[in-house]
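Work through the exercises below with the model open. Try each task before reading its solution.

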Amino acid sequence: MLNIILLGPPGAGKGTQAARLQAERGMIQLSTGDMLREAVAAGTPVGLKAKAVMERGELVSDAIVSALIGERLDASADKGAIFDGFPRTKHQAAALEILLAQRGRRLDHVIELVVDEDELVRRIVGRFTCAKCGAPYHDHFRLPAVPGVCDVCGSTKFKRRPDDNEETVRTRMAEYRAKTAPILPYYEDKGLVRRVDGMASVDEVAAQIDAIVDGKA
Ligand SMILES: [Zn+2]
């Protein structure tokens, strides 16, 4: 069973790849935020602890997050795990190592989707959809055949997501760099970091990740 960390800035397709790994390989994505919400909702022992902390308006400690990950590893990760949102610090990275070692596992790869930020901004900011049927378009790559008219349904109304603007996208990328800055060098030193071209097509990215996961790259 494979245990990986998948890293990539917003818009790099990390979610798409994680969903694919789950569907094709039965791996589970351990996203810290989702796990906390689920554990609280399910009322597990760790969930109850986390709930009490959050109700006091405090941050959930590393110990609670670790316990939560342990719970999930034991319950449902026998085909492998994709860690998302954890670790964020060297301290958490060390905690994860212990969690895995206690279960006879180890972290196999830290796979980073590397992007050209300016190009990624261009891709994200150019997106828009038909307001009626949802058909996707793009300012540079996919304009309607007749300007202003949806190819699919003929509607003349289009919309853009409010956070698909340059400022928001650049802020999210800076946040991503800040979050990964502490752990990338840590894993570099351990020789675990593998880089994938996040600007390639979804299929190409998938092929690159599969080659790493299957030990062929
Ligand atoms: Zn349409």
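**Ground rules and overall fold**

In the protein chain, 66% of contacts between residues at least 6 apart in sequence join residues at least 24 apart; contact means heavy atoms within 4.5 Å. This is a predicted model, in which local features need pLDDT of at least 70, side-chain atom pairs count only at pLDDT 80 or more, and totals for chains, interfaces and linings use all residues. Residues are numbered from 1 along each chain as its sequence is written, and side-chain values use heavy atoms, with hydrogens and water left out.

**Exercise 1. Describe the chain as a whole.**

Step 1. Count the elements. The protein chain has 9 helices and 8 strands. These are DSSP runs, numbered from the N terminus: helices are H or I with at least four residues, strands are E with at least two.

Step 2. Box the chain. Its C-alpha atoms fill roughly 60 × 45 × 30 Å along the principal axes.

Step 3. Check burial. Of the 217 residues in the protein chain, 41% are buried. Buried means under 20% relative accessible area, exposed over 50%, and partly exposed in between (1.4 Å probe, protein chains only).

**Exercise 2. Which residues coordinate the zinc ion, and what is the site's geometry?**

Step 1. List the donors. The SG atoms of C130, C133, C150 and C153 coordinate the zinc ion at 2.3 Å. Donors are N, O and S atoms within 2.8 Å of the metal (3.2 Å for Na, K and Ca); water is not among the atoms, so sites may look incomplete.

Step 2. Read the spacing. Along the chain, the zinc donors follow C-x2-C-x16-C-x2-C.

Step 3. Check the angles. The 4 donor atoms make angles of 102 to 115°, and the site is tetrahedral. For four donors, that label needs all angles between 85 and 135 degrees. The ideal tetrahedral value is 109.5 degrees.

Step 4. C133 is partly exposed because its relative accessibility is 36%. C153 is partly exposed too, at 27%.

**Exercise 3. Find the aromatic pairs.**

Step 1. Search. The whole structure holds 4 aromatic pairs. Rings of Phe, Tyr and Trp (its six-membered ring) pair if their centres lie within 6.5 Å; planes under 30 degrees apart are stacked, over 60 edge-to-face, the rest tilted.

Step 2. Classify. F128 and Y137 are stacked, with 5.8 Å between centres and 25° between planes. Y186 and Y187 have centres 5.1 Å apart and planes at 80°, so this pair is edge-to-face.

Step 3. Extend. F128, Y137 and F158 form one aromatic cluster. F128 is buried at 10% relative accessibility, and Y137 at 4%.

**Exercise 4. Which residues have the most contacts inside the largest nonpolar core?**

Step 1. Name them. The core has 32 residues, and I69, F83 and Y187 have the most contacts inside it. A nonpolar core is a set of buried Ala, Val, Leu, Ile, Met, Phe, Trp, Tyr and Cys residues joined through side-chain atoms within 4.5 Å.

Step 2. Trace the elements. Those giving two or more residues include β1 (2–7), α4 (62–76) and α8 (184–189). The largest share, 5 residues, comes from α4.

Step 3. List neighbours. Leaving out residues up to four places away in sequence, I69 touches L30, M35, F83, F86 and L99.

Key
Tetrahedral: all angles 85-135°; square planar, octahedral: opposite > 155°, others 65-115°.
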